[in-house]
Amino acid sequence: MRPAVAAKDKKPARSPKSDLSVRSEEKSSDLLERKCSIASTVGILSDAWAFLVIREAFFGARRFEEFRSGLEISRATLTDRLRRLTQEGILREASYSDTSSRVEYKLTKSGIDLYPTFMALMQFGDRWLDPTDGPLQLIHEDCNCVSKPLVACSCCQKKITAREVTYLDGPGAGVVGAETNARRTRRTVDDFMRGRPSSVSRALEVIGDRWSFLIIREAFYGAARFDQFQAELKIASNILTDRLSRLVDRGVFKKRKYQSAPERFEYLLTPMGADLHGPIMMMMAWGDRWRAGGEPPMLLKHSVCGKIFTPTVVCNRCGKPIHAYAMKYRMRYDPNKFGGRKSSRAVPGRV
């Protein structure tokens with residue numbers, strides 16, 4: 001993906017329509033939007049409660065009361081999110097025992113595969129949003145080193161940057177019906193910041209809701225001007241104005257005037273905004289794997305090695321792919337202040 005990054009000597013890239021499957025009905029209908037594997041992942045993670053339940057599952061929560069005490073969530077809300085995540089295939093129900101009617105909730109293969117996305121979001125949050133270098137210190141068991149995972153090319157294993165990646169139509173490219181009835185409300189700080197300290201929570205609080213995710217996605221595709229975002233997303237002008245203002249305030253975009261009469265502005269990704277390419281690509285990889293039916297809408301090409309690749313999260317010390325059960329961590333906070341189950345992946349002692 002080539003982002004329009006704020007710089008004095010660079011102009012924002014234009015959306016390369018020739019590289020996308022733009023059909024005539026896309027121009028004539030307000031009910032169509034581009035197929036996108038990112039959107040399906042965003043639909044899960046932009047719901048604050050669903051995200052927090054998944055996060056606690058990674059920390060070892062399985063039973064209803066473990067989730068509830070760790071998040072201070074109402075029973076009705078927790079019941080709804082557990083049901084939804086089970087229907088989505090992120091969690092599965094398992095009986096406590098043969099003699100009990102109660103169930104616990106375990107991550108499925110699909111749910112566990114969200115871990116690299118969480119790691120990419122965590123590293124973004126640690127770099128840009130937490131002055132203490134993050135609440136957790138990760139330890140990769142494969143090399144027994146303190147690790148700061150990075151997003152890499154699956155072919156050459158080198159770290160990727162936004163400017164080194166271009167995109168092409170995949171076998172699933174095209175348009176689909178827009179989610180006109182989807183809940184796309186803006187979240188508040190408290191929505192994502194429940195329970196334990198979390199750099200992933202900080203990252204999602206900045207990115208916000210589904211609309212904000214999709215605006216950032218379009219910036220990586222080359223959109224920079226108001227009408228470009230609006231044309232691609234079929235978004236109401238007042239909502240787009242609100243989200244762009246919020247993303248400027250949070251440092252994701254830089255606003256630059258390109259016309260005086262009447263005043264017109266373009267929105268360029270800052271270095272912080274450009275650094276979101278890693279989490280965005282990991283969301284795409286998850287959506288391609290679990291929601292695209294074997295036909296990803298988009299393919300990524302790495303200019304360094306010249307190959308079509310799948311983004312992967314690797315250890316910055318040994319270069320091996322990161323897996324959920326190969327990571328331990330030390331805390332920079334007192335875990336006794338937070339309810340819920342304490343994960344067996346925690347290493348004794350604090351950073």
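Here are some notes on the predicted model above, point by point.

1. **Ground rules.** This is a predicted model, where local features need pLDDT of at least 70 and side-chain atom pairs count only at pLDDT 80 or more, while totals for chains, interfaces and linings use all residues. Residues are numbered from 1 along each chain as its sequence is written, and side-chain values use heavy atoms, with hydrogens and water left out.

2. **Confidence.** Start with pLDDT, the predictor's confidence in each residue, from 0 to 100. Its mean over the chain is 86, and 85% of the residues reach 70 or more. Confidence is lowest in helix α1 (residues 24-28), with a mean of 38, and highest in strand β12 (residues 307-309), at 98. Residues 7-29 have pLDDT below 50, yet this stretch has 43 contacts in the model beyond near neighbours in sequence. A contact here means heavy atoms within 4.5 Å. As for the labels, helices (H or I, at least four residues) and strands (E, at least two) are DSSP runs, numbered from the N terminus.

3. **Two crossing helices.** Have a look at α10 (residues 210-221) and α12 (residues 237-249): their axes come within 10 Å and cross at roughly 75°. That makes α10 roughly perpendicular to α12. The axes are lines fitted to C-alpha atoms, for helices over the stretch in contact, and angles run from 0 to 180 degrees between N-to-C directions. Under 35 degrees counts as roughly parallel, over 145 as roughly antiparallel, 65 to 115 as roughly perpendicular, and the rest as oblique.

4. **Who touches whom there.** From α10, Trp211, Ser212, Ile215 and Ile216 meet Ile239, Leu240, Arg243, Leu244, Arg246 and Leu247 of α12. By class, that contact has seven nonpolar, one polar and two charged residues. Nonpolar covers Ala, Val, Leu, Ile, Met, Phe, Trp, Tyr, Cys and Pro; charged covers Asp, Glu, Lys and Arg; the others, Gly among them, are polar.

5. Cysteine 153 is buried at 0%, whereas cysteine 155 is partly exposed at 37%.

6. **A proline in a helix.** Proline 116 is found in helix α7 (residues 115-128) and counts as buried, at 13% relative accessibility. Leaving aside neighbours within four places in sequence, proline 116 is in contact with Met282, Val313 and Ile322.

Technical notes
Buried means under 20% relative accessible area, exposed over 50%, partly exposed in between (1.4 Å probe, protein chains only).
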